[in-house]
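Begin with the sequence and the model.

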Amino acid sequence: MDLTAALLAHRRGALPADTLLDLVWPDQATRLEPSVVHTAVARLRRSWGPGSITRDARGYRLGAEVDTDEDAFIAHLQRARRAGTSAAALAAYDAAVALWRPGPAYGGASEELVGPDRARLAQQRDEARLALTQLLVDAEDAAAHERALAEARALLGDNPLLEPAHELLITALARLGRQAEALAAYDSLRLTLRDELGIDPGPTAADLHGRLLSQDPQLVMPRPRTPRLELSRSRPPAPLTSLVGREAAIEQIGVAVGRRRLVTLTGPGGVGKTRLAGEVLRQLERDLPPDTLTGYLDLSALETAETGEVVDGLARALGLPSRGEGGVSALSATLEGREAVAVVDEAERHLAACRAVLGPLLADCPGLRLLVTSREPLELSGEQLIDTPPLEVPAPAAGTSEILASPAVRLLVDRIEDRTGPLRVEDQAAGELGRLVRQVDGMPLALELLARQASAQPLAALTELARRPLSLAGEPDRNPRHRSLRDTVADSVEVLAPEQRRVLECLGVFAARFDEPAAQAVAGGGSQVREILHDLVRRSLVRVQRDDAGLGMRLLAPVRELSLEGLAARGEVAECRRRHRRWYADRWRDAPRSDALLISVRDNYADHLLALRTALEDQDGAPLADLAIALARVWAVADHHEPARRWLTRVLDSGLLDKTADARVRALRATLLVHRDGAAAAQDLETAALALEEAGDDRWLTTVRLNQGVLYADRGDYPRAKETGAAAVALARTVDDERVAETVSILALWTALVTPAAAPPLIDEAWALANATGSTISLESAVNNLFIAEMQLGRVDRARRLLDQAAARAVPHAPPPFLVIARGWSALYDGDPRAAALLMGTLVPAPGEDASDTYAAEIFTCLGRALVDLGEPTGDLLLAGAAEVLERHGTVLVPWQRPTRVPGRGGLPAVTSSQALGAWLADVARAAVRAVEGSADVSGSGHAPRGS
């Protein structure tokens, strides 16, 4: 059963055999072979049919011909929601509920495997039953009310704490004239909630109780329904919850409506346009003259797109006589000489009719002002467009206070507290809240739907729901277009022309932002794609993003999920993924490291990483090395060695690279390991050197020689390092590599350690070359080496000036860690140990990161020396620990960095693992830095420029 459940739960993707082993046989997976999976799948295939389970390079998946109960259930729900309150809706809900058999979804499967899907389906089943019961309660015959009573009792039998079911039970009893039983049902609800949860019934149930006591006739029998939806309401929907995070937007819109006569709020469905427009109208009404007409027209309630209905609806919204027969001219005559402000909501439903009515009205009626909400512009003269973005989310690195202050988290917490009471948010919970809001892109509807689940499960359990936002569903009384994110997004997507929909689905393969050329490359439609892309932006399905990286576009999470579903149904996922990774690989093929490369890969990091992942999954070797090299250059500058080691190892182990590509990737892996795992780096460099010499690839051989020199220097063998550096310089000069400046700077450093008198000319040459490149990263890399060389020569003032001159250059990225280290050393020797400690504190490895390498040892050494100068006793611990780490690696610091006195190691913990020692030192370092941060600023306190 678990194998069946795994395939069903992941039917939109492929599952490799080893993944199925882990999912289905977790306790035995390490002892079993993939053949167990092949046998089990073959048995299922014989039972279900030959096309029921397919297999490709990525793994097993259910065949396209397989129909599941879940698919049918969801289809019935969607039909029911689209049908509103009609007989068709009742029939569709009936069909959805009838598909359920006794017991939970995925009966017999393990909870670990299908827990989230089982909970999601159970929730959707309850929602379908509630919606069905609500329709029966609202019907006008006793038979329907009897059935509603039975359905409500059945619901409560499964979930006695489901308050909406209690409310439906009370209403059904009242409809049947059984008032005493209805009052008893309310008392039962009140006692149950008090005994089980310690709370009282909510406002809806309390209102029902009051209406029972007052014998409200509308409670006994509902008002007969008209055969069509009400055209409009004169007032916007009354808010049931607080408005969070939109203070600036309300002010901006209010000012715009005061200055312009046609303001259109655009944005995707579920972003909160209606709520904003209603709040703006309520605030405007407080300041408008009493004779100003105001009104609200909900265009989603119109069944047809006739201009007469729009005229009639707008007239009624403003409290004027119906003008449908007289048309626009009659309404214009009525409005002549009068001031009026109206909200026209969801105009995208009837754009043509809106344009035909609102344009002439605005031209004829100078006192009329309109605030329109629409997923796309009206494109009328004088229209001011105001985009309604999702709520701002906190950055991944944000602290607890910053997370809790972000609008998206404020909304999520507010809605959760509506259901659970006040939350106490610790640091871990704050991090989970930040991840949740980022997963759904800060979409208000998604956040409200997520909050609905929070009363039944912990925050951490919501991650899977947020990862698949289309599965989120809301209360049955919501607007049918907003009862789930799937309904909201599908409402915009279903009206697209086939080619527009194809392009949107292709764009689903992007992980984050993309630009127009990337979209054209992935969609593969030539110049037509450009026009379609602009139309998708106009329809708010593609979001325009302007930031420091320039102008880009992206899909919000629900749109992306629906697009990928459509792409899978079309059978074009593999081809779009191929075009996606080729686009990013081709951009930097054979390109040397440069500012442009680093900035581009950084700004499109998520898509470069996705491209690398899909190349491995799809066994596509052609772009693999180019993607790995581009990413590794960013990892090297940012010192992200753990992801680099992991991904580059996967690439090298894939067997998809040719000999030269393998050597280049090995050279980069060695660059990232050289200060952390010298033995592994040496092996990579030796293997790479042989292949690169054979291929005559001097550019990459330069990288190999440089890193071999670094290994010699780390062991204190400076003469060998200088010799190897000279060979690297000779190679670099032959290929005119951008890195000549950095290569000469490294040779200058090693020369300063061996023959100091010969170093100054090399320092001057390297500095001139670095300035001539125009490359910021080349300059920073060279300055780091030249700083160390100047310090070794005792020319502290010249070393400091180098750092100052590098800092004066405009940098398009954050300073790399190696330059921060140099600034820390400079501060220490300038007599400012506090500044040195704070700078080094930014580089102390975080919990869980490796802190046992020579890179960390240098950080601990500088920090320890600063703490000793500040009189902090933990300084000696860090100096002793750093010495232990260096000794275990067989490496040394350059002479001027070494402390003149290394304390005894008696204060270190008795640990044998280098990782455990590094983790302990990192904990000590973080605590010491926090103490320095909380102390008075002692910079400039008279410490002489010196080391400890």
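A residue counts as buried when its relative accessible area is under 20%, as exposed when that area is over 50%, and as partly exposed in between. Arginine 178, at 25% relative accessibility, is therefore partly exposed. The model shown here is predicted.

## The chain as a whole

The protein chain holds 44 helices and nine strands. It has 948 residues, and buried residues make up 53% of them. Its accessible surface is about 40500 Å². Carbon and sulfur atoms account for 52% of that surface. Consider contacts between residues at least 6 apart in sequence: 68% of these join residues at least 24 apart.

## The nonpolar cores

In soluble globular proteins, nonpolar side chains tend to be buried together. The largest nonpolar core in this model has 186 residues. Which of its residues touch the most other members? They are Leu507, Leu612 and Trp635. Helix 30, residues 624-638, gives this core its largest share, 11 residues. A second core is separate and has 43 residues, including Ala89, Ala131, Leu169 and Ala172.

Not counting residues up to four places away in sequence, leucine 507 touches Phe514, Ala519, Leu533, Leu536, Val542 and Leu555.

Helix 38 covers residues 776-792, 17 residues in total. From its first C-alpha to its last, helix 38 reaches 24 Å, close to the 24 Å expected at 1.5 Å a residue. Of its 17 residues, 16 are buried, so helix 38 is largely enclosed by the rest of the structure. Serine 775 caps the N-terminal end of helix 38. A side-chain oxygen of serine 775 lies 3.1 Å from the backbone nitrogen of serine 778. After helix 38 comes glycine 794, with a positive phi near 80°.

Helix 18 runs through residues 407-420 and has 14 residues. Its reach is 20 Å from first C-alpha to last, close to the expected 20 Å. The buried residues of helix 18 are Pro407, Ala408, Val409, Leu411, Leu412, Val413, Arg415 and Ile416. What covers them? The cover includes helix 13 (273-287), helix 17 (400-405), helix 19 (427-439) and helix 20 (444-454). Glycine 421 follows helix 18, and its phi is positive, near 90°.

## Salt bridges

The whole structure contains 56 salt bridges. Three of them are set out below.

| Residue pair | N to O distance |
|---|---|
| Aspartate 94 and arginine 147 | 2.3 Å |
| Arginine 178 and glutamate 181 | 3.0 Å |
| Arginine 415 and aspartate 414 | 2.5 Å |

Take the pair of aspartate 94 and arginine 147. Aspartate 94 lies in helix 5 (residues 87-98) and arginine 147 in helix 7 (residues 142-158), so the pair ties together parts that are 53 residues apart in sequence. Aspartate 94 is partly exposed, with 25% relative accessibility. Arginine 147 is also partly exposed, at 30%.

Next comes arginine 178, whose partner is glutamate 181. Glutamate 181 has 37% relative accessibility, so it counts as partly exposed.

Is arginine 415 buried or exposed? At 7% relative accessibility, arginine 415 is buried. Its side chain meets that of aspartate 414.

Salt bridges also link residues into a network: Arg355, Glu376, Glu379, Asp535, Arg538 and Arg539.

## Two more residues

Glutamine 439 belongs to helix 19. Its relative accessibility is 26%, so glutamine 439 counts as partly exposed. Where does it make contact, leaving aside neighbours within four places in sequence? Glutamine 439 is in contact with Thr463, Ala466, Arg467 and Ala557. Along the chain, glutamine 439 and alanine 557 are 118 residues apart, yet 7.1 Å separates their C-alpha atoms.

Glutamate 884 sits in helix 43, residues 874-889. With 16% relative accessibility, glutamate 884 counts as buried. Beyond its neighbours within four places in sequence, glutamate 884 is in contact with Arg905, Leu908 and Leu917.

Key:
Residues are numbered from 1 along each chain as its sequence is written. This is a predicted model: local features need pLDDT of at least 70, side-chain atom pairs count only at pLDDT 80 or more; totals for chains, interfaces and linings use all residues. Side-chain values use heavy atoms; hydrogens and water are left out. Helices (H or I, at least four residues) and strands (E, at least two) are DSSP runs, numbered from the N terminus. The expected span of a helix is 1.5 Å times one less than its number of residues. Buried means under 20% relative accessible area, exposed over 50%, partly exposed in between (1.4 Å probe, protein chains only). A polar contact is a pair of N or O atoms within 3.5 Å; within protein, one must be able to donate a hydrogen and the other to accept it, and residues adjacent in sequence count only if both atoms are side-chain atoms. A nonpolar core is a set of buried Ala, Val, Leu, Ile, Met, Phe, Trp, Tyr and Cys residues joined through side-chain atoms within 4.5 Å. Contact means heavy atoms within 4.5 Å. A salt bridge is a side-chain nitrogen of Lys or Arg within 4 Å of a carboxyl oxygen of Asp or Glu. Accessible areas come from the Shrake-Rupley method with a 1.4 Å probe; for residues, only the protein chains shown count as cover.
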